[in-house]
Amino acid sequence: MDRKKVISRTQSVTYRKRISPSRIFTALATITVYWFVARGVEFSPTQLVEGLPGIFEMGRQMFPPDLRVLGELFWPVIETLQIGILSTIIASIFAFPAGFLAAANTSPHQSIYFFTRGILNVFRGVSEIIWGLLFVVAVGLGSFAGVLALVIFSIGAIGKLTAEALESVDPGPVEAIRSTGASNWRVFLYGVWPQVIPLYLSYCLYYWDHNTRQATILGFVGAGGIGYTLFVSLSMYEYEQVTTQIIVMVLLITAIDRFCWFLRRRII
Amino acid sequence: MTELQPKADSATRYIFKTKRKLRLNYALAFIAIAGVFLWASWGTGFNIPGLLSGTPLVYALICRMFPPDLEILSWLLKPTLETIEMALLGTTIPIFFALPLSFLAAANTGPHRVIIYSARALVTACRTVPELIWALLLVSVVGLGPFPGVLALTLHTTGSLGKLYYEAVEAVDPGVVEAIESTGANRFKVIWFGILPTCLPVMMSTTLWLWEYNNRAATILGLVGAGGLGLALTHAFQDFRYPEAITCLIIIVLIVTIVDRISAYLRGRVI
Amino acid sequence: MIGWLVPRPPQSAKDSRGVYVMSQSANEDMIVLKNLTKSYTQGITAIQDISLTIKKGEFIVLFGPSGVGKSTLLRCINYLVKPTSGEVIVDGQNLGRLARSGLLRIRQGVGMIFQEFNLVNRMSVLTNVLSGGLGKTGFLRALTYSFSHREYEMAIKALRRAGLEDESLYLRRPDTLSGGQRQRVGIARMLVQEPKVILADEPIASLDLKMQHTIMELITDIATKDGITVVMSLHNIEIAKQYVSRIVGLCRGQITFDGPPKSLTTDVINKIFNLGAKLTDDRAAAKSG
């Protein structure tokens, strides 16, 4: 075959592929969708630009941060930490059996599988802050509501991830243990459990980090911790205190982040 | 099998000693966690009697919520759309910022140590401040409505995506980079043809995961006035209109489930 | 000891070498397969109407290309895969008619080794070997991963017999070991069961040439010393011819050959692999053209 013809034909094929009608259509469709979305969201850069001077005004009100309240913030911070870790511990205990029931290969019955999956989806579908709102309305203000909210959410989140981990377990070792004539739960304990345990622990650790972070905001809806003090200061327009509290929040989140990263390196 | 040899016995003893140490560690860890559990329960007021007395209250609340109020469905259309749109914009716009930032912040592609550290600091700053706080600040700047919500999500997600992206970039197999570099390509080409295609699946998976996350985050931004269903939900609770609240919740769960499905489908097709 | 809480299977008599003697049947047949068929819901038939008798102490090889049903056949012998129809009789017991506890007891006497070794990477080598005796371990012991001194000694003896003398390996994880060492761990795990039958699913396919021979010699040595019946699936014909006395050739789920290695000529091999005349014709054409 003529070499020049081959090259030019190849070039034209690749060129044609890059600007095909279907690709143009997709691009146009995406742009149109975004146009509507931007309008729906009242996207307006002018509003942003107009608001920029407001940032300076806000900065003037918020700085310098009022450091006198630091002492008062000690107990709310401790409370936030407590909410975070307590909810993770409780959720971890329940999330494993939940994940077990929600995994297609370990669930005892099809209906249990669907039911558990559905419940876990609802638990994690609703944001933990909304759960916090719900529990505050149900059991009153304070960190008890916060703990309950995070427990429910974490069971959903960790449970779903555990179920996926159980479903993706390597079947080889499981088969090997089955072939030794061990009963079902021993097959699980020696074939499945060792494979899932590192994943499960890493999820629990991750959600400890996540829960403590969310616990800082949960107070906003009245569920205790530093978020609540923030809410109170905000309603009283004490902006310098708000700044301090935000700074403390950020420091707390960073500290937990670092600690979890360190723990993860050591355990896994 | 051969008879018992002295060596087997000593090996067994050594193993039992090691196991004893391991068992001790496990026991200590268990005691530590139990101690933390008790301390945290005391601090947050979490106890079994409280749980027992609280359960009927929760049940009572649920009873007051049902049956769901379906008349407000048409009125909820706008906030629902706002929530979906906020999540969409809040996930896609940050991609344009997070991607270049991630290459600046990754140890194997960053041009200079100072740039790497400042990019990482920027990413961490955006990420550590919770979306709600960003929304709070932005509502004061641009006013109420979904727009500050979009901006808040964009800022926070730029941080989250940036961090996950640069971790993906750093995890690229150096062999790939070596191969492209050996062809004499300049830095940009190495990134574009070597690193980017390799970490693209992880990045897309991460972005989809963050889209799922932002959907939930978008629902709550209404708490501070940044639009979406959160606003309708807060109003419903404040006015004690519980059937309305449950309708909002059902819609939220539906949105999240649908988005999760779409995300799983896209993940299967694209990755 | 917690032992009295757990009903133990009836202890069979041991002969002078300490090997369990067959307790059930008087005749020499260890494994009898009658009209075994396994088909899956998608319409795929893995094995079709297979009938096979394997005597006690025999070492047979299932030979054939990949995907022909060797693995399925092996797994039907210990009922890891339930056949669609047909009977499996191991040691005089019809597996299809046994209650679950009886099936587990039979499985305890059937050891299995795999191509991919199938070790649990998260547990130490020693725990992997100990898990071979899970069928007989007590309830609390199994639950808390605490095995008795005797079980540990058995495991270490099994590891030594499988050729792993270096004790520093015992507490390491399997993924730090080489392929040959891992297969030895798999063999040790099987030895702890004190099996009467060994099922081997392509045990040497993932190993290098020298290690293949080493492992084959190890298995043969164990089988002859303990009088264990071995059913092994291989696709390497040279090794099969070298070590066994009976080869069963499978093609497309059916037995196409059953006899000593001498009778396994190139012609027969072609038939097993269903290559047929076309290949020989092509070869002849290539030689001349």
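Select L250(C) and I255(C): L250(C) stands opposite I255(C) in strand 10 of chain C. Strands here are DSSP runs of E with at least two residues, helices are runs of H or I with at least four residues, and both are numbered from the N terminus. This is a predicted model, in which local features need pLDDT of at least 70 and side-chain atom pairs count only at pLDDT 80 or more, while totals for chains, interfaces and linings use all residues. Residues are numbered from 1 along each chain as its sequence is written, and chains are lettered from A and ligands numbered from 1 in the order in which they are written.

Now pick strand 1 (residues 29-39), which pairs with strand 2 of chain C in the antiparallel sense over seven bridges.

Chain A has eleven helices and zero strands. Its C-alpha trace spans about 80 × 65 × 35 Å along the principal axes. The radius of gyration (taken over C-alpha atoms) of chain A is 26 Å, well over the 18 Å that the globule rule gives for 268 residues, so chain A is more spread out than a compact globule. That rule is 2.2 Å times the number of residues to the power 0.38.

Within chain A, select helix 8 (residues 171-179) and helix 9 (residues 184-218), whose axes come within 8 Å and cross at roughly 150 degrees. Axes are lines fitted to C-alpha atoms, for helices over the stretch in contact, and angles run from 0 to 180 degrees between N-to-C directions. Helix 8 and helix 9 of chain A are therefore roughly antiparallel to each other (under 35 degrees counts as roughly parallel, over 145 as roughly antiparallel, 65 to 115 as roughly perpendicular and the rest as oblique). P173(A), V174(A), I177(A) and R178(A) in helix 8 meet V187(A), Y190(A), G191(A) and V192(A) in helix 9, contact meaning C-beta atoms, placed from the backbone, within 7 Å.

Move to chain B and select helix 5 (131-142) and helix 6 (146-170). Their axes come within 8 Å and cross at roughly 135 degrees, so helix 5 and helix 6 of chain B are oblique to each other. Residues that meet here include W134(B) and L138(B) from helix 5, and F147(B) and L151(B) from helix 6.

Finally, display chains A and B together. In this interface, 45 residues of chain B are in contact with 43 residues of chain A. Several helices of chain B each supply at least two residues to the side that touches chain A, among them helix 3 (77-105), helix 8 (187-220) and helix 10 (242-270). Helix 1 of chain B gives the most, with seven residues.

Methods:
Contact = placed C-beta atoms within 7 Å. Pairing = 2+ DSSP bridges.
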